Amino acid sequence: SSSRVFAGELYGTGGGGYGSWFDFDGSNNQVQDNPERHDYNVDQYVDQFIQHAMAQAADTQADHQLWASGEDFNYQNAEHWYHNLDKLIHYVNLNGTVNAF
């Protein structure tokens with residue numbers, strides 16, 4: 001029944017969720033989308049995002065996913081986090097394998 005959807009834990013919880021593999025807390029940890037920079041990494045972040053989305057899709061029956069965000073105080077620098085998350089969503093959607101929003 002549809003009530004079973006809300007009966008269990010979210011995929012990737014327990015201090016995990018996407019916060020366990022995206023670490024935007026430090027100033028050096030960011031989605032770098034300038035290909036002329038030595039630390040260009042947008043392709044790696046997009047690939048990682050898609051791999052995790054596909055893994056979660058294999059374990060769920062719904063067409064949509066809700067990603068857990070970790071625990072309290074993981075995201076103290078909200079501007080930095082959301083700026084990088086917005087970049088990541090933009091590039092994931094350009095890839096076209098999955099739709100992120």
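# Lys 87 and helix α2 in a predicted model

Student: Where is Lys 87 found?

Tutor: Lys 87 is found in helix α2, which covers residues 78-95. Helices (H or I, at least four residues) and strands (E, at least two) are DSSP runs, numbered from the N terminus. This is a predicted model, in which local features need pLDDT of at least 70 and side-chain atom pairs count only at pLDDT 80 or more, while totals for chains, interfaces and linings use all residues. Residues are numbered from 1 along each chain as its sequence is written, and side-chain values use heavy atoms, with hydrogens and water left out.

Student: What is the secondary structure of the protein?

Tutor: The protein has two helices and zero strands.

Student: Back to Lys 87: buried or exposed?

Tutor: Lys 87 counts as buried because its relative accessibility is 17%. Buried means under 20% relative accessible area, exposed means over 50%, and partly exposed lies in between (1.4 Å probe, protein chains only).

Student: Which residues does Lys 87 touch, not counting those up to four places away in sequence?

Tutor: Lys 87 touches Val 31 and Asp 33. Contact means heavy atoms within 4.5 Å.

Student: What does Asp 33 form with Lys 87?

Tutor: Asp 33 and Lys 87 form a salt bridge, and their closest N and O atoms are 3.5 Å apart. Asp 33 lies in the segment before α1 (42-59) and Lys 87 lies in helix α2, so the pair ties together parts that are 54 residues apart in sequence. A salt bridge is a side-chain nitrogen of Lys or Arg within 4 Å of a carboxyl oxygen of Asp or Glu. Asp 33 counts as partly exposed, because its relative accessibility is 26%.

Student: How many salt bridges does a search of the whole structure find?

Tutor: The search finds two salt bridges. One of them joins Arg 37 and Asp 39, with the closest N and O atoms 2.9 Å apart. Arg 37 counts as partly exposed at 39% relative accessibility, and Asp 39 counts as partly exposed at 27%.

Student: Now α2 itself. How many residues has it, and what is its reach?

Tutor: Helix α2 has 18 residues and reaches 25 Å from its first C-alpha to its last, close to the 26 Å expected at 1.5 Å a residue. The expected span of a helix is 1.5 Å times one less than its number of residues.

Student: Which residues of α2 are buried, and what do they pack against?

Tutor: The buried residues of α2 are His 80, Trp 81, Asn 84, Leu 85, Lys 87, Leu 88, Ile 89 and Val 92. They pack against α1.

Student: Which residue follows α2?

Tutor: Gly 96 follows α2, and its phi is positive, near 85°.

Student: Finally, the whole protein: how much of it is buried?

Tutor: Buried residues make up 29% of the 101 residues. Of the contacts with a separation of 6 or more, 65% are between residues 24 or more positions apart.
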